[in-house]
Amino acid sequence: MDETGVLRRGAHVLAVSVREQPRLYAYAAGGSLVYGGMIVAQSYVLGAITGHVITPALRQHHTSAAALLISAAVILAAAGVKVTGIFGRRLGAGAMQYALQASYRRRVTRRYLTLPMSWHAARPTGELLNNANSDVEATWYPIAAFPFASGVAVIMVVVLVALLLTSLPLALVGCLVFPAVVAVNAFYARDMSPKVGRSQQLRAEVSGIAHESFDGALVVKTLGREDSETARFEARVNELRDALVAVGRLRGTFDPLLEAIPNLGVLAVLLVGAGRVDTATLVQVAYLFVLLAFPLRSIGWLLAEVPRSVNGWDRVQEVLTETAGMAYGSATLVPTTAGARLTARGVDFAYDGHAPVLRGIDLDLQPGRTVAVVGTTGAGKSTLTGLLVRLVDPGAGSIELDGTDLRELARGAVADHVALVAQQTFVFDDTVRGNVTLGADLSDDAVWAALRLARADGFVARIEHGLDAMLGERGTTLSGGQRQRLALARALVRTPRLLVLDDATSAVDTAVERAILDGLREETDATTLVVAYRKATIALADEVLWLDGGRIADRGSHADLLARHPGYAAIVSAYDTPAAP
Amino acid sequence: MRAFRRIGRLAPQFTEGIRVTLLLALLATLGRIVVPVVIEAVLDHGLRGGHAHLGEIRDEVLLGAAAILLTAVSAVAMNARLFRATESGLAHLRVLTFRHVHDLSMLHQQAERRGGLTSRVTSDVDTVSVFMQFSGIFLVTASGQLVVATILMFVYSWQLALLVLLSFVPLGVMSRRLQPTLSAAYGEVRRRVGEMLGAIGESVVGAPTIRAYAVEGRTAERIDAAVEATRRTQYDAQRLAVGVYLGGESGAALANCFVVVVGVLLGIGGHLSLGRLVAFLFLVTLFVNPVSVMADALNEAQNALAAFARVLDVLDTPTDVADPGEAGTPLPPGPLGARFEGVRFAYPSGPEILHGIDLELAPRTRVAVVGETGGGKTTLAKLLTRLMDPSAGTVSLGGVPLPAVPFSSLRQRVVVVPQDGFLFDTTIADNVAYGRDGITDEEVAAAFRALGLGRWLAGLADGVRTRVGERGEALSVGERQLVALARAYVADPDLLVLDEATSAVDPATEARIASALEALTRGRTSVTVAHRLSTAEAADEVLVVEGGEVVQRGTHAELLAEGGTYGRLHAAWDAQRTAVG
């Protein structure tokens with residue numbers, strides 16, 4: 001990215017911010033103008049007091065109470081208005097920044113909820129979290145300084161004009177000092193941002209090594225690798241140290257410089273102004289320079305944040321302008337409790353830019369029947385389950401539920417009839433009840449019934465607070481098997497007409513799994529498709545599909561497939577084979 | 001304060017050359033009063049008698065300019081030294097802590113504590129570093145500036161100096177008093193941001209579940225609520241911070257009133273010159289920023305101190321499993337037998353897990369440890385490898401009690417293959433090299449071939465140079481175990497301790513693992529914590545652990561004949577195995 005490009009695009013982002021939050025921007029920039037205006041006013045006040053009150057009083061050894069009182073009142077009044085300006089500027093800028101962050105976080109997450117699963121699958125989780133969090137934050141970070149800097153820029157012009165009307169030499173000093181401060185700030189920002197970027201990168205790397213090394217502590221310890229791990233960590237820590245020292249050095253060089261310039265300006269004012277303007281004007285202009293030193297730096301802060309902001313904006317826009325979506329029809333299915341019928345005809349599926357995962361899949365799940373899908377890792381089993389609940393759409397062919405193509409069904413209609421329990425269970429940061437109902441209006445009796453059927457009632461009853469116990473990050477932690485049973489209850493409470501289990505009981509004890517499957521068989525009418533490895537699971541199926549290389553290679557009873565396919569036999573008996581003697 | 005002294009001892013880098021740095025700091029802060037001093041000189045001398053003595057003014061200004069440049073150079077040098085010292089000290093502290101964490105026993109490295117330990121060497125040290133680079137240096141220069149300005153004010157007029165201090169004191173005190181409130185407000189912001197990130201994370205990580213159950217609306221509502229709560233708390237904190245910030249401005253206004261009113265009265269009495277009076281007005285500006293930002297800086301100082309204390313906390317945790325080092329007795333050469341004598345174990349403040357184990361394991365035997373989860377199998381294995389020390393009794397290897405064995409000998413001869421076969425984010429070859437330094441790619445490939453995994457390795461795109469990804473996630477769970485087995489193989493241990501994986505592995509890989517295990521354990525003493533009874537069937541000896549005791553031992557056939565716990569376990573497993581065909 002060339003520099004002018006960054007600034008141009010940064011200006012675009014700032015323009016967007018004003019367009020979206022004009023009221024807050026007006027408050028903040030108005031506050032900044034008041035603040036800057038009061039700085040000018042303060043210097044005029046002090047100049048006037050010096051000229052009209054202090055100098056005569058000291059010369060004549062006499063003053064009036066009125067003069068002193070008026071002076072004090074004017075000083076306080078100017079400070080009072082200035083404080084109001086600071087309030088407006090800082091609160092307005094804060095409100096604007098936070099409002100923009102909130103608004104874009106909502107927009108990005110809305111997109112996440114509507115973008116198709118294939119889009120999600122193609123992107124790492126960390127990247128998506130960053131888009132919604134740190135990228136949005138970085139985009140609007142300059143807003144903290146933006147209204148301040150805009151107000152200050154206006155004030156600077158006003159001050160230069162005023163100086164020009166007072167004295168040409170003093171105006172020339174101003175013309176040197178103000179742009180010098182801005183220019184040095186700009187250089188500072190330009191040199192700083194790559195250095196800060198590098199230290200941030202190294203910080204992440206150091207953190208990555210620590211995470212990994214502590215996660216693998218057992219391996220490190222038992223292989224006696226403490227020394228080499230420490231050396232690996234130390235090398236990166238030293239790089240980080242050098243990067244941080246470089247950042248510090250730069251700051252440590254520019255900060256004194258930025259402080260020295262206005263001070264030198266004041267000295268220049270004294271040198272140039274003495275004898276040309278009266279004492280009062282001299283004090284006034286010197287004071288103005290001292291007071292303006294701080295606000296002038298806001299322009300530098302703004303410039304410093306622009307590159308990061310532009311990067312963040314680009315990444316956020318990538319999500320927001322993504323057009324992929326899933327279209328829904330308007331059809332609904334007749335509500336009934338009987339098992340659903342699902343048919344697939346010639347279904348192909350490939351992830352973007354990859355070889356096909358499934359080819360020519362034909363399925364006919366009759367109401368109430370249980371079909372098991374068996375296949376090697378990567379045979380396409382999970383993809384198949386995703387297609388059946390319309391997490392993704394087939395590349396070719398069609399899938400019909402009770403004779404209606406899934407793509408013609410209204411949004412949410414598939415979920416009303418079909419429930420998927422995925423291999424990777426997901427527990428929401430919510431209560432047990434919330435995790436089962438997912439907000440649906442269901443009675444506690446219904447929740448308990450589903451938990452019972454999933455054999456999860458036992459452990460839930462033992463958790464403190466039962467259905468109201470918080471789960472997830474800040475709540476009770478569940479074992480893998482307990483999570484799976486909870487996910488199963490989440491599916492069962494909806495009394496689905498088609499139940500799709502993708503290796504959903506892999507972490508459950510075999511005996512408990514057996515009890516669950518028997519229960520399902522006896523107590524529900526649902527059509528069931530189950531992806532399985534264990535013989536006990538397969539035993540419950542009316543039919544077994546042997547999925548191999550993305551195709552249904554064969555179908556039949558367990559015994560048939562066992563006889564016909566050595567590969568099938570190897571898979572289903574692997575768990576029962578003792579280690580070779 | 002004691003913490004600071006301790007740190008100085010732990011990381012001498014912090015205090016290296018501190019005298020010169022402090023001297024430079026003194027020079028640098030003197031620069032802050034150059035402008036008021038020159039103003040005083042110009043007004044009282046250069047412009048005395050209403051005439052401009054241009055020569056004198058020029059000299060005064062040039063002297064001032066020289067002083068400003070000198071102090072700027074001092075500031076640059078001070079900053080560079082300060083940053084180098086603090087960052088070097090922090091880097092050293094990071095590495096010390098990192099190493100200490102690895103030296104802690106398994107008790108302290110348990111999964112639930114790892115996140116905390118990681119933040120000790122990452123975010124906690126970062127917090128201190130950020131504090132040093134911003135608020136830390138600010139506190140140093142601000143307090144120096146206040147001291148120098150105060151001294152000068154007392155030189156000019158002690159009465160006025162007292163009044164100026166008085167006008168800032170109440171505001172300084174107030175902002176200090178408000179600091180806990182401000183700190184709490186920032187804490188609330190962090191908490192809300194954490195919750196918001198959790199909610200956003202659900203929309204990404206839980207996307208398949210959200211889609212499959214059509215709960216996008218509810219998810220969006222939850223995110224919106226969290227985003228809005230964050231925005232509100234951010235704004236509230238900002239409002240409080242602005243309030244505190246205004247202390248400086250208000251104090252300055254009050255001080256200026258005093259200076260004008262009282263200064264004029266003193267001046268009339270001949271106690272204060274015009275130059276000194278005006279210089280006071282400039283000195284007052286030096287108070288504004290320190291007083292305004294003091295509360296924020298103190299807040300950060302407190303955070304940094306707390307972070308520092310957390311780091312020290314880790315360093316203060318004693319390494320309970322200590323290395324005898326050179327003074328110890330190395331293990332005798334050849335295959336190792338093991339002996340447990342009266343071994344008991346309890347986690348701190350937990351119930352006893354092992355109740356007096358007496359056991360002798362012959363060299364070159366393959367031992368399988370079976371029993372219910374929670375019976376003490378894994379604890380037994382951890383004691384055998386000295387990942388923890390027993391609360392009573394002795395574990396010996398090859399006749400040497402474990403506490404007497406130097407780690408260098410122990411870790412070389414005894415290797416553990418953990419359940420999850422943890423891999424580092426690098427290539428397969430580098431991961432295997434964790435078992436033996438400096439091993440060539442060809443030797444790595446040979447190791448795989450020796451374990452019967454040559455074909456599997458050949459099937460990988462980049463062979464031994466294949467990258468395994470974060471935590472090995474580019475490989476399947478089972479494949480990760482294969483690499484872990486090769487890593488153990490090249491370490492060529494005399495005692496191998498294996499924690500069998502419980503998670504489901506695809507059957508083809510399962511078969512590979514079984515044959516690799518067979519090759520790996522051949523001719524060595526091995527102890528396997530077995531979760532599948534097939535492993536026990538193949539072992540030379542089986543230990544049945546139940547309720548913290550070894551309740552049965554013998555060969556599979558003997559134990560089967562004996563019945564008891566083993567008979568029960570076997571019957572349950574057998575029933576499941578033969579459930580189908």
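Predicted model: local features only at pLDDT ≥ 70, side-chain atom pairs only at ≥ 80, totals over all residues.
User: What span does helix α16 of chain B reach from its first C-alpha to its last?
Analyst: Helix α16(B) runs over residues 477-491, which is 15 residues. At 1.5 Å a residue, 21 Å is expected. The model comes close to that, at 22 Å.

User: Why is α16(B) largely enclosed by the rest of the structure?
Analyst: Buried means under 20% relative accessible area. The helix is largely enclosed because of how many of its 15 residues are buried: 13.

User: Which residue follows α16(B), with a positive phi?
Analyst: The phi of this residue is near 50 degrees. The residue after α16(B) is B:Asp492.

User: How many degrees of arc do the buried residues of helix α14 of chain A cover around the axis?
Analyst: In α14(A), residues 444-453, the buried residues are A:Val447, A:Ala450, A:Leu451 and A:Leu453. They lie on the same side of α14(A), because their arc around the axis is only 165 degrees.

User: Which helices of chain A do the buried residues of α14(A) pack against?
Analyst: After α14(A) comes A:Arg455, with a positive phi near 55 degrees. The packing partners of the buried residues are α13 (432-437), α15 (457-462), α16 (480-492) and α17 (510-523).

User: How many residues does the core apart from the largest nonpolar core have?
Analyst: The largest nonpolar core has 138 residues, and A:Trp140, A:Phe289 and B:Ile39 have the most contacts inside it. Beyond its neighbours within four places in sequence, A:Phe289 is in contact with residues including A:Leu163, A:Phe178 and A:Pro262. Apart from this core lies another, with A:Leu409 and A:Leu486 among its residues; its size is 94 residues.

Conventions. Residues numbered from 1 in each chain as written. Chains lettered and ligands numbered in written order. Heavy atoms only, no water. Helix = DSSP H or I, 4+ residues; strand = E, 2+ residues; numbered from the N terminus. Expected span 1.5 Å × (residues − 1). Buried < 20%, exposed > 50% of the residue type's maximum accessible area, 1.4 Å probe, protein only. Arc of directions from axis to C-beta. Contact = heavy atoms within 4.5 Å. Core = buried A, V, L, I, M, F, W, Y, C linked by side-chain atoms within 4.5 Å.
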